[in-house]
Amino acid sequence: RFVVCLDNDGYDTSLDVRKIYRVVIDTKSEKLGLLRVIDESEEDYIYPKSMFEIVNLSAKSHDRVLQNLAA
C-alpha cells in the first residue's frame, strides 16, 4: 500500500508533503487512527493517519513506484 503525505507539521525532516510513501500493514495502529509509514529515514514509524491520503495505483504504476523507492 502507498500513501501521499498531505501534512508534515511537526515531522518536516521525516516527511515531505506531496511525496508517496510505502505503508507497512499494522492493524493495531490503524485501529487507533495511525499508519506505519516508511519515511525519509528509510525506517518505518507510526504517524497520524490524517496526515496522509491512501493512493490506489494500477499494477504498472505500483511496480514503477516500488522501483523508484528502491533506487
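In which loop does G33 lie? In this predicted model, local features rest on residues with pLDDT of at least 70 and side-chain atom pairs on pLDDT 80 or more, whereas totals for chains, interfaces and linings use all residues. Residues are numbered from 1 along each chain as its sequence is written, and side-chain values use heavy atoms, with hydrogens and water left out.

G33 is located in the loop between α1 (27-31) and β3 (34-38); helices (H or I, at least four residues) and strands (E, at least two) are DSSP runs numbered from the N terminus. With a relative accessible area of 32%, G33 is partly exposed. Here buried denotes under 20% relative accessible area, exposed over 50%, and partly exposed the range in between (1.4 Å probe, protein chains only). The C-alpha atoms of G33 and S50 are separated by 7.7 Å, the two residues being 17 residues apart along the chain.

The strands form an open sheet of 5 members in the order β4-β3-β2-β1-β5, with antiparallel pairing; two strands pair if DSSP finds at least two bridges between them.

V3 has Y21 as its bridge partner in β2 and I54 as its bridge partner in β5. The bridge partner of V4 in β2 is I20. Both faces of β1 are covered, as F2 and V4 on one side and V3 and C5 on the other are all buried.

Rings of Phe, Tyr and Trp (its six-membered ring) pair if their centres lie within 6.5 Å, and planes under 30 degrees apart count as stacked, over 60 as edge-to-face and the rest as tilted. The ring centres of Y11 and Y47 are 5.0 Å apart and the planes stand at 85 degrees, so this pair is edge-to-face. Because Y11 lies in the loop between β1 (2-5) and β2 (20-24) and Y47 in strand β4 (residues 44-48), the pair ties together parts that are 36 residues apart in sequence. Y11 is partly exposed, at a relative accessible area of 31%, whereas Y47 is buried, at 3%. The rings of Y47 and F52, with centres 6.1 Å apart and planes at 65 degrees, likewise form an edge-to-face pair. F52 is buried, as is Y47, and Y11, Y47 and F52 make up one aromatic cluster.

The largest pocket has a volume of about 280 Å³. On a 1 Å grid over the protein atoms alone, a pocket is an open set of points where a 1.4 Å probe fits, with protein on both sides within 12 Å along at least five of seven lines, and lining residues have an atom within 4 Å of a point. Grid points are joined across faces, edges and corners, and the volume is the space filled by probe spheres set on the points. Of the 12 residues that line the largest pocket, I38, D39, E42, L69 and A70 lie nearest its centre. The elements contributing two or more residues to this lining are β2 and α2 (59-70). The lining comprises 7 nonpolar, no polar and 5 charged residues, where Ala, Val, Leu, Ile, Met, Phe, Trp, Tyr, Cys and Pro count as nonpolar, Asp, Glu, Lys and Arg as charged, and the others, Gly among them, as polar.
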